[in-house]
Amino acid sequence: MQLTTVFLALALLWPVGPPTPGILRGWQPPPGPYAAGHRGVDLAAPPGTPVLAPAAGTVTFAGPVGGRGVVTLTLAGTGTPPLRTTFSPVTPLTGEGTRVTAGTPIAETAPGTHCAAPCLHWGLLRGTTYLNPLLLTPRSHSRLLPLAG
């Protein structure tokens with residue numbers, strides 16, 4: 001299944017909001033698997049903000065990693081290997097193995113040192129390959145405008 005087909009088939013939501021959260025830091029893929037980069041996006045979100053499942057899936061991890069709370073959601077119907085979204089720093093509200101629908105609260109943002117301002121770090125992976133999680137966000141439709149004169 002092609003990645004673009006998967007994105008079009010999902011009922012996608014922002015993990016925090018409404019309103020649409022501000023993006024504090026965008027996705028900056030590393031030049032290689034072990035190089036520096038930003039393997040996700042940072043969304044403005046104060047501690048205690050509900051983190052919502054952006055699509056239906058199963059919580060496949062909920063616990064601490066490197067001193068931060070992390071939740072991993074494996075998205076249903078996204079091929080092999082399936083897409084996985086990660087959220088940190090958070091306090092999990094669901095346990096491993098919990099199946100959720102889009103919009104279900106799965107965590108709350110927690111204080112952390114990942115960003116200068118309070119944020120939610122949102123990642124997306126297929127297997128071991130990091131992808132831009134903004135590919136999962138709803139987009140407005142393009143409109144063609146008439147040419148002037």
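Q: Over the ring of which residue does the charged end of Arg39 sit?
A: In this predicted model, a charge is taken to sit over a ring if CZ of Arg is within 6 Å of the ring centre and within 35 degrees of the ring normal. The charged end of Arg39 lies 5.8 Å from the centre of the ring concerned, which belongs to Tyr130.

Q: Are the planes of Trp14 and Trp122 stacked, edge-to-face or tilted?
A: The structure holds two aromatic pairs, and in one of them the ring centres of Trp14 and Trp122 are 6.4 Å apart. This pair connects distant parts of the chain, with Trp14 in the loop between helix H1 (3-9) and S1 and Trp122 in strand S10, 108 residues apart. Because planes under 30 degrees apart count as stacked and those over 60 as edge-to-face, the angle of 55 degrees makes the pair tilted.

Q: Is Phe87 buried or exposed?
A: Buried means under 20% relative accessible area. Phe87 has 0% relative accessibility and therefore counts as buried.

Q: Which residue of S10 is the bridge partner of Asp42?
A: Strand S2 and strand S10 (residues 119-126) run antiparallel and are joined by four bridges. In S10, the partner of Asp42 is His121.

Notes
Residues numbered from 1 in each chain as written. Predicted model: local features only at pLDDT ≥ 70, side-chain atom pairs only at ≥ 80, totals over all residues. Heavy atoms only, no water. Pairing = 2+ DSSP bridges. Helix = DSSP H or I, 4+ residues; strand = E, 2+ residues; numbered from the N terminus. Phe/Tyr/Trp six-rings, centres within 6.5 Å; stacked < 30°, edge-to-face > 60°. Buried < 20%, exposed > 50% of the residue type's maximum accessible area, 1.4 Å probe, protein only.
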